[in-house]
Amino acid sequence: MPLSVQKRREKQKAELRSELVDAAHKLVQEEGYEGLTIRKLAKRVGYAPMSVYSYFADKQDILFALAEDAFETLARRIEEHPSDDPIEALRAVMTEYAAFGLGNPNEYRTVFMTEKTKLPEGRSYEEMEEGNPAMKVLISRVEACVAAGKLKGDPRAIATMLWTVGHGTISLLITFPFYPFGDPQAYVKRMCDFMLASLSAQDISPLTETPVNC
């Protein structure tokens with residue numbers, strides 16, 4: 001059955017948006033945050049600048065789109081490394097997160113180190129998190145560690161603490177390459193071991209008094 005006119009338009013719009021996101025990734029990889037402008041993005045895909053505004057209200061909307069796309073890529077990379085040992089499965093999350101950041105420093109800076117001052121128009125935080133498969137797999141692997149008795153406490157709090165340390169480690173390795181950290185991958189492993197050892201020795205309480213669904 002042929003697609004209706006509305007379905008065809010929706011499909012075409014989704015394809016064009018995907019093309020813009022792909023082009024934005026390339027701009028960021030080549031030129032960093034400063035290189036990502038509506039005008040440059042429009043020129044790269046051969047659109048008029050006003051056409052880009054039909055898909056993204058401003059630069060921050062593009063950043064959120066890049067983040068969502070990066071989280072999907074990261075989740076796929078993590079899921080390529082399952083393990084029967086829940087701690088090793090969790091370690092793979094941190095390892096792949098670090099590999100993604102260190103392998104794409106311009107994109108990491110833009111996606112993870114640029115202030116997001118507001119949510120995209122019409123989107124709630126809950127909707128944003130629902131669309132973040134990387135955080136979902138991190139929390140699910142923490143939950144497996146808790147179920148196996150390897151870690152104790154609130155899975156979301158544990159996941160957030162791991163993310164915090166992982167992000168700090170990668171950010172420093174990217175922004176202070178001259179500091180004598182030693183081999184970057186070895187330093188990432190050291191920090192991961194340190195954090196997991198610290199967490200395993202504690203019962204981690206929730207971050208807030210109000211429970212948050214994982």
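Reader: How many disulfides does the structure hold, and what makes a pair of cysteines a disulfide?

Author: This predicted model holds zero disulfides. A disulfide is a covalent bond between the sulfur atoms of two cysteines; the rule applied here asks for two cysteine sulfur atoms within 2.5 Å. In this predicted model, local features need pLDDT of at least 70 and side-chain atom pairs pLDDT 80 or more, while totals for chains, interfaces and linings use all residues. Residues are numbered from 1 along each chain as its sequence is written, and side-chain values use heavy atoms, with hydrogens and water left out.

Reader: Why is Cys145 called buried?

Author: Buried means under 20% relative accessible area, exposed means over 50%, and partly exposed lies in between (1.4 Å probe, protein chains only). Cys145 has 0% relative accessibility and therefore counts as buried. Cys192, at 9%, is also buried.

Reader: What makes Phe71 and Phe112 an edge-to-face pair?

Author: Rings of Phe, Tyr and Trp (its six-membered ring) pair if their centres lie within 6.5 Å; planes under 30 degrees apart are stacked, those over 60 are edge-to-face, and the rest are tilted. By this rule there are eight aromatic pairs. The centres of Phe71 and Phe112 are 5.6 Å apart and their planes stand at 70°, so this pair is edge-to-face. The pair links distant parts of the chain, with Phe71 in helix α4 (residues 59-79) and Phe112 in helix α6 (residues 105-112), 41 residues apart. Helices are DSSP runs of H or I with at least four residues, numbered from the N terminus.

Reader: Why is the pair of Tyr179 and Phe181 called tilted?

Author: Their planes are 55° apart and their centres 4.7 Å apart, so the angle belongs to neither the stacked nor the edge-to-face class. Phe181 is buried, at 17% relative accessibility.

Reader: How do you know that Lys59 sits over the ring of Tyr33?

Author: A charge sits over a ring if NZ of Lys or CZ of Arg is within 6 Å of the ring centre and within 35 degrees of the ring normal. The charged end of Lys59 is 3.6 Å from the centre of the Tyr33 ring. Lys13 lies over the face of Tyr55, at 5.8 Å from the ring centre.

Reader: What makes a set of residues a nonpolar core, and which residues touch the most other members of the largest one?

Author: A nonpolar core is a set of buried Ala, Val, Leu, Ile, Met, Phe, Trp, Tyr and Cys residues joined through side-chain atoms within 4.5 Å. The largest has 54 residues, and those touching the most other members include Leu36, Ile62 and Leu162. Its largest share, nine residues, comes from α4.

Reader: Which residues does Leu162 touch, leaving aside residues up to four places away in sequence?

Author: Contact means heavy atoms within 4.5 Å. With those residues not counted, Leu162 touches Leu90, Met94, Leu138, Val142, Met195, Leu196 and Leu199.

Conventions
Helix = DSSP H or I, 4+ residues; strand = E, 2+ residues; numbered from the N terminus.
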